[in-house]
Amino acid sequence: MTLQRMDNVGIVVEDLDAAVAFFAELGMEVEGKARIEGLFADQAVGLDGVRSTIAMMRTPDGHGKLELAQYHSPAAIGDGSRTPSPNTLGLHRIMFAVDDIDDTVARLRARGAELIGEVAQYKDIYRLCYLRGPSGIILALAEQIS
């Protein structure tokens, strides 16, 4: 048996509408929204009484997908840290290639994103930065300059 593809990355968020608006500002498109509940949901995730709403978002090229999920029951839990450091164990960040990093940073900051460090240049190849978005999600942006 062979791996067919990576289908999506799932992220649990506190405010689904805000997260959808944030990733739409980045340029992603909503592919669909759905209410998820019932026995199959409980069995799949190993929780009882699952009630959630998900939004599937895709990149403009149609290849990259994010599944944003807001749990209504049981309530989402966290470790209490809203600002994990980029070297925290677990999912590190999601990187997106952009045409204009300065414009993208400005638009995402208007939606509440915080620049973690600063926009840095790697040789004459890329300009890069890390941002913290909704629910503490860390994004990396890369603009190819050569």
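Isoleucine 11 touches Leu66, Glu67, Leu68, Ala69, Ile94 and Ile137, residues up to four places away in sequence being left out of the count, where contact denotes heavy atoms within 4.5 Å. The model is a predicted one, in which local features need pLDDT of at least 70 and side-chain atom pairs count only at pLDDT 80 or more, whereas totals for chains, interfaces and linings use all residues. Residues are numbered from 1 along each chain as its sequence is written, and side-chain values rest on heavy atoms, with hydrogens and water left out. Isoleucine 11 belongs to strand 1 and is buried, its relative accessible area being 8%; the term buried stands for under 20% relative accessible area, exposed for over 50% and partly exposed for values in between, with a 1.4 Å probe and protein chains only. Between the C-alpha atoms of isoleucine 11 and aspartate 42, which are 31 residues apart along the chain, the separation is 18 Å.

The protein chain contains 3 helices and 9 strands, these being DSSP runs numbered from the N terminus (helices H or I, at least four residues; strands E, at least two). Along the sequence, these elements follow the pattern β-α-β-α-β-β-β-α-β-β-β-β. Taken along the principal axes, the box filled by the C-alpha atoms of the protein chain is roughly 55 × 40 × 30 Å. Of the 146 residues in the protein chain, 30% are buried, and the accessible surface comes to about 9100 Å², with 51% of it belonging to carbon and sulfur atoms; accessible areas come from the Shrake-Rupley method with a 1.4 Å probe, and for residues only the protein chains shown count as cover. Among the contacts of the protein chain with a separation of 6 or more, 55% are made by residues 24 or more positions apart.

An open sheet of 4 strands shows mixed pairing and the order 1-4-3-2, two strands being paired if DSSP finds at least two bridges between them. Strand 1 (9–12) and strand 2 (29–37) stand at the edges with a single partner strand each, so that one side of each is left without a neighbour in the sheet. From one strand to the next, the twist averages 20°, with axes taken as lines fitted to C-alpha atoms (for helices over the stretch in contact) and angles running from 0 to 180 degrees between N-to-C directions.

Strand 2 and strand 3 run antiparallel and are joined by 8 bridges, and within strand 3 it is threonine 53 that stands opposite arginine 35. Strand 3 (residues 51–58) is in turn joined by 8 bridges to strand 4 (residues 65–73), again in an antiparallel arrangement. In strand 4, leucine 68 is the bridge partner of alanine 55, while tyrosine 71 is that of serine 52. The hairpin of strand 3 and strand 4 has 6 residues between the strands, and in this hairpin glycine 62 adopts a positive phi near 85°. Strand 3 is mostly covered, with 6 of its 8 residues buried.

The largest nonpolar core has 25 residues, and those with the most contacts inside it are Phe23, Leu26, Leu68, Phe96, Leu108, Leu139 and Leu141; such a core is a set of buried Ala, Val, Leu, Ile, Met, Phe, Trp, Tyr and Cys residues joined through side-chain atoms within 4.5 Å. At least two residues of this core are supplied by each of helix 1, strand 3, strand 4, strand 5, helix 3 (101–109), strand 8 (126–132) and strand 9 (138–144), and helix 1 provides the largest share, 6 residues. Leucine 139 touches Phe22, Phe23, Leu26, Ile94, Phe96, Leu108, Cys129, Tyr130 and Leu131, again not counting residues up to four places away in sequence.

The structure holds 2 aromatic pairs, where rings of Phe, Tyr and Trp (its six-membered ring) pair if their centres lie within 6.5 Å, and where planes under 30 degrees apart count as stacked, over 60 as edge-to-face and the rest as tilted. Phenylalanine 22 and phenylalanine 23 form an edge-to-face pair, at 5.3 Å centre to centre and 85° between the planes. Phenylalanine 22 counts as buried at 1% relative accessibility, and phenylalanine 23 is buried at 0%. The rings of phenylalanine 23 and phenylalanine 96 have centres 6.5 Å apart and planes at 50°, so this pair is tilted. Because phenylalanine 23 lies in helix 1 (residues 16–26) and phenylalanine 96 in strand 5 (residues 94–97), the pair ties together parts that are 73 residues apart in sequence. Phe22, Phe23 and Phe96 form one aromatic cluster.
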